Amino acid sequence: MSAIRIAVVDDEPLARERLSRLLTELGVEVAVELEDGTDLLQWLRSDGKVDALFLDINMPGATGLEIMAELPPSLPVVFVTAHADYAVRAFDSEAVDYVVKPVFKDRLERALTRIRSRGSAVKEGPGIRSASQGVQPRFPVRAGDGHVFLDLRKVTHFEIDVDTVWAWCGGNKFKTPWGALAEVESAFQEACLVRAQRHILLRPEMVTGVRPLPGGRCSARMGDGVDIPVSRSATPRLKELLHLR
Amino acid sequence: MEKAREAQSRLLQSQMSPHVLFNALNGFAELIHKDPAAAEGSVRSLAHLLRQLLTFAEFKVITLQEERALVEDYLHLEGLRLGSRLSSIWQWEERLQSRLVPPLLIQPLVENAIKHGIAPVKQGGILRISIREEAGSLLLEVANTGSSLGVKDGTRPGLGLGLRNLKDRLALAFGPDASFGLAEREGWTIATISLPGDKIAP
């Protein structure tokens with residue numbers, strides 16, 4: 001595999017040195033170190049080419065989050081910051097990963113894995129744990145009087161209605177062969193599906209944003225724009241899978 | 001007693017923001033590889049700073065000299081992060097430094113000046129910390145160049161938690177005799193605490 005080419009953007013000299021050194025040791029080619037977002041945009045405009053960005057959030061001028069809005073959506077961004085409280089907005093902005101300072105090599109290695117899997121796989125929301133590995137990801141759903149095969153990686157959530165499980169995909173629902181959510185869970189044991197409510201199983205990979213709700217609950221914004229309320233008991237599990245602490 | 005407890009709890013709330021600590025630790029982690037002696041010096045500064053912060057929560061008053069030592073440790077950590085973007089000047093009348101004042105009056109102003117004035121600006125800025133006596137009052141002043149707070153044009157948002165706490169602590173300790181003000185003059189943002197000089201020992 002050819003080396004990933006990245007840019008490091010941080011206004012703090014030592015923080016830049018640290019990121020560059022650790023990433024270089026991990027086999028990454030650090031194409032450029034820049035001090036702020038303005039320099040980054042300028043560099044990209046003058047034909048700078050990278051596969052991914054490691055971006056600080058609090059910088060002079062525009063914040064990393066503001067800069068991200070100016071970037072091509074296909075360019076993976078990993079946020080690196082001392083503030084843990086930007087995580088929700090970072091996921092809203094479809095960052096591949098969110099690393100808190102102090103940064104260490106093992107954590108950066110995980111971020112690189114996410115960048116790599118994002119580069120090859122279907123774009124599927126924020127780069128959280130790739131749950132579909134090692135799982136038979138296709139299942140049959142009813143289409144007219146026949147069946148088509150749906151890819152689990154395109155499903156946002158499953159919903160049970162009496163004794164029918166529906167798979168939601170791109171804002172439409174499809175009738176699955178299952179009669180209980182427990183059957184879905186056992187069919188995709190490694191997929192980290194979350195029982196958001198008694199009748200809903202959601203796929204954390206398709207969550208693009210999370211907002212807190214009163215009473216320790218939260219609301220998950222799915223890739224197709226639907227908001228799903230998550231129960232108090234399921235909220236900690238979802239947050240854990242999304243690396244929100 | 002109630003008043004003392006409240007002052008203490010406000011003091012604890014007003015201590016250093018956690019991200020300052022996390023940024024500093026990120027710097028340490030790199031310095032260990034790059035310059036072990038500097039890393040050791042930084043650990044010493046941080047340890048000293050943390051110990052002082054813990055100790056000061058127990059005291060109603062400290063000397064200005066002690067406050068300066070704490071601020072110097074704090075500046076050491078921030079200097080690690082900001083490098084040459086941060087420079088500081090002390091205008092310190094030494095005859096005043098044995099004066100006793102409530103702890104953590106200057107440090108929150110320094111933290112604020114760096115956060116809002118110096119860190120947001122690419123080329124950084126200058127921090128000027130002074131103590132002097134004027135018309136019987138003891139003045140503690142922290143001034144910075146760099147980003148304007150918008151005091152004049154009214155665009156500045158309300159006081160942050162740190163400064164509100166500071167004002168409350170001043171009121172609890174001195175009533176109406178102490179005051180806090182923010183002003184802008186000739187490119188400097190200036191935070192001034194005025195204390196009733198004659199009431200403070202020695």
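Predicted model: local features only at pLDDT ≥ 70, side-chain atom pairs only at ≥ 80, totals over all residues.
**View 1. The interface between chain A and chain B.** On this interface, 19 residues of chain A are in contact with 18 residues of chain B. The residues of chain A that lose the most area to chain B are A:Glu12, A:Leu14 and A:Arg18, which together account for 32% of what that side buries. About 1,700 Å² is buried between chain A and chain B, and carbon and sulfur atoms contribute 51% of that area.

**View 2. Salt bridges and polar contacts across the interface of chain A and chain B.** The number of salt bridges between chain A and chain B is 7. In one of the salt bridges, A:Arg18 pairs with B:Glu30, and the closest N and O atoms are 3.1 Å apart. Across the interface of chain A and chain B, 10 residue pairs are in polar contact. Helix 1 of chain A, residues 13-25, supplies the largest share of the side of chain A that touches chain B, namely 6 residues. Sorted by class, that side of chain A has 9 charged, 8 nonpolar and 2 polar residues.

**View 3. The largest nonpolar core.** This core has 48 residues. The members that touch the most other members are B:Ile106, B:Val110, B:Leu127, B:Ile129, B:Leu140, B:Ile193 and B:Leu195. Helix 4 of chain B, residues 64-82, gives the largest share of this core, with 8 residues. Apart from it lies another core, of 42 residues, which includes A:Ala95, A:Val194, A:Leu202 and A:Val210. In soluble globular proteins, nonpolar side chains tend to be buried together.

**View 4. The surroundings of B:Ile193 and B:Leu170.** Leaving aside residues up to four places away in sequence, B:Ile193 touches B:Leu105, B:Leu109, B:Leu138, B:Leu139, B:Leu140, B:Leu166, B:Leu170, B:Ser179 and B:Phe180. B:Leu170 belongs to helix 6 of chain B, residues 161-174. B:Leu170 counts as buried because its relative accessibility is 3%, where the cut-off for a buried residue is under 20%. With residues up to four places away in sequence again left out, B:Leu170 touches B:Leu105, B:Gly175, B:Ala178, B:Ser179, B:Phe180, B:Ile193 and B:Leu195. B:Leu170 and B:Leu195 are separated by 25 residues in sequence, while their C-alpha atoms are 8.7 Å apart in space.

**View 5. The cis peptide bond at A:Pro102.** The peptide bond that leads from A:Lys101 to A:Pro102 is cis, and its omega is near 0°. A:Pro102 is part of the loop of chain A that runs between strand 5 (97-100) and helix 5 (105-120). Most residues other than glycine have a negative phi, and most peptide bonds are trans.

**View 6. Positive phi at B:Leu104.** B:Leu104 is a residue other than glycine with a positive phi, near 55°. In chain B, the loop between strand 3 (100-101) and helix 5 (106-118) holds B:Leu104. B:Leu104 counts as buried because its relative accessibility is 0%.

**View 7. Positive phi at A:His243.** A:His243 has a phi near 60°, a positive value in a residue other than glycine. A:His243 is located in the segment that follows helix 7 (235-241) of chain A. The relative accessibility of A:His243 is 32%, and this residue therefore counts as partly exposed.

How values were computed
Residues numbered from 1 in each chain as written. Chains lettered and ligands numbered in written order. Heavy atoms only, no water. Contact = heavy atoms within 4.5 Å. Buried area = accessible area lost by both parts, 1.4 Å probe. Salt bridge = Lys/Arg side-chain N within 4 Å of Asp/Glu carboxyl O. Polar contact = N/O pair within 3.5 Å; in protein donor to acceptor, adjacent residues only side chain to side chain. Helix = DSSP H or I, 4+ residues; strand = E, 2+ residues; numbered from the N terminus. Nonpolar A, V, L, I, M, F, W, Y, C, P; charged D, E, K, R; others polar. Core = buried A, V, L, I, M, F, W, Y, C linked by side-chain atoms within 4.5 Å. Buried < 20%, exposed > 50% of the residue type's maximum accessible area, 1.4 Å probe, protein only.
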